[in-house]
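Please study the sequence and the model shown here before reading on.

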Amino acid sequence: MSEMKFTKDHEWLLINGSQATVGITEFAQEQLGDVVFVELPEVGSEYDQGDEVAVIESVKAAGEIVAPLAGTVVDVNEELADNPELVNESPLQDGWFVKIQLKDGADLSELMTEEQYKEFTAD
């Protein structure tokens, strides 16, 4: 069964077993404005929690996507290279960035539920 979690960095994770699909939230893409470029990591790259995984540039700003949990990149959304606007058009579906195979014992306790994230962004 899949479970949706959120980070304070405005990323979402769709956790399915020991794998997580990572993207940015509606809130984040609205703050960024029109996304014009996305740089993704190589499949097989390993990251610790908090490491920069991807770079995202918009008409307003540039930023990075950080690894919400430690793991290895098993897939990247190649579609974003030619269509970075997918991040704006479908941030919670087609605009995903990477899929990460989580390291054993990945700590999900720091992640927020959708309800907690809504409260976090309400201020």
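His-10 sits in the loop that joins strand 1 (2-6) to strand 2 (11-16). The residue has a positive phi of about 65°, although it is not a glycine. This description, like all that follows, refers to a predicted model.

The protein as a whole can now be considered. It contains four helices and nine strands. Read from the N terminus, these elements follow the order β-β-β-α-β-β-β-β-β-α-α-β-α. How does the radius of gyration of the protein agree with that of a compact globule? For 123 residues, a compact globule would have a radius of gyration near 14 Å, and the 13 Å of the protein agrees with this. Along the principal axes, the C-alpha atoms fill a box of roughly 40 × 35 × 25 Å. Of the 123 residues, 46% count as buried.

Attention may next turn to the charged side chains. How many salt bridges does the count give? The count comes to three salt bridges. One of them joins the side chains of Glu-3 and Lys-5, with a distance of 3.5 Å from N to O.

Another salt bridge links Asp-48 with Lys-103, and here the closest N and O atoms are 3.4 Å apart. Asp-48 belongs to the loop between strand 5 (46-47) and strand 6, while Lys-103 belongs to the loop between strand 9 (98-102) and helix 4 (114-121), so the pair ties together parts that are 55 residues apart in sequence. Asp-48 is partly exposed, with a relative accessible area of 43%, and Lys-103 is likewise partly exposed, at 38%.

A further salt bridge is found between Lys-118 and Glu-114, whose closest N and O atoms are 3.9 Å apart. These residues are four residues apart in helix 4, so about one helical turn separates them. Lys-118 counts as partly exposed, with a relative accessible area of 49%, and Glu-114 counts as partly exposed as well, at 44%.

Which residues form the negative surface patch? The patch is made up of Asp-9, Glu-39, Glu-52, Glu-57 and Glu-64. Glu-52, one of these residues, lies in strand 6, which covers residues 52-58. With a relative accessibility of 46%, Glu-52 is partly exposed.

The surface also carries a nonpolar patch, formed by Val-36, Phe-37 and Val-59. Together these residues have about 270 Å² of accessible area. Phe-37 is placed in strand 4, which spans residues 35-39, and its relative accessibility of 37% makes it partly exposed. Val-38 is found in strand 4 too. Is Val-38 buried or exposed? Val-38 is buried, since its relative accessible area is 8%.

Finally, some residues that are separated along the chain can be located in space. Val-38 and Leu-86 are 48 residues apart in sequence, and their C-alpha atoms are 10 Å apart. Thr-72 lies in strand 8, which comprises residues 71-76, and is partly exposed, with a relative accessible area of 23%. What is the C-alpha to C-alpha separation of Thr-72 and Gln-101 in space? It is 5.1 Å, although the two residues are 29 residues apart in sequence. Leu-108 occupies the loop between strand 9 and helix 4 and is partly exposed, at a relative accessible area of 28%. From Leu-108 to Leu-69 the sequence separation is 39 residues, and the separation in space is 7.9 Å between C-alpha atoms.

Methods: Residues are numbered from 1 along each chain as its sequence is written. This is a predicted model: local features need pLDDT of at least 70, side-chain atom pairs count only at pLDDT 80 or more; totals for chains, interfaces and linings use all residues. Side-chain values use heavy atoms; hydrogens and water are left out. Patches are made of residues with over 30% relative accessible area and no salt bridge: like charges are joined within 9 Å, nonpolar side chains (Val, Leu, Ile, Met, Phe, Trp, Tyr) within 5 Å. Accessible areas come from the Shrake-Rupley method with a 1.4 Å probe; for residues, only the protein chains shown count as cover. A salt bridge is a side-chain nitrogen of Lys or Arg within 4 Å of a carboxyl oxygen of Asp or Glu. Lys and Arg count as positive and Asp and Glu as negative; His and the chain ends are not counted. The place of a charge is taken as NZ of Lys, CZ of Arg, CG of Asp or CD of Glu. Helices (H or I, at least four residues) and strands (E, at least two) are DSSP runs, numbered from the N terminus. Buried means under 20% relative accessible area, exposed over 50%, partly exposed in between (1.4 Å probe, protein chains only). The radius of gyration is taken over C-alpha atoms; the globule rule is 2.2 Å times the number of residues to the power 0.38.
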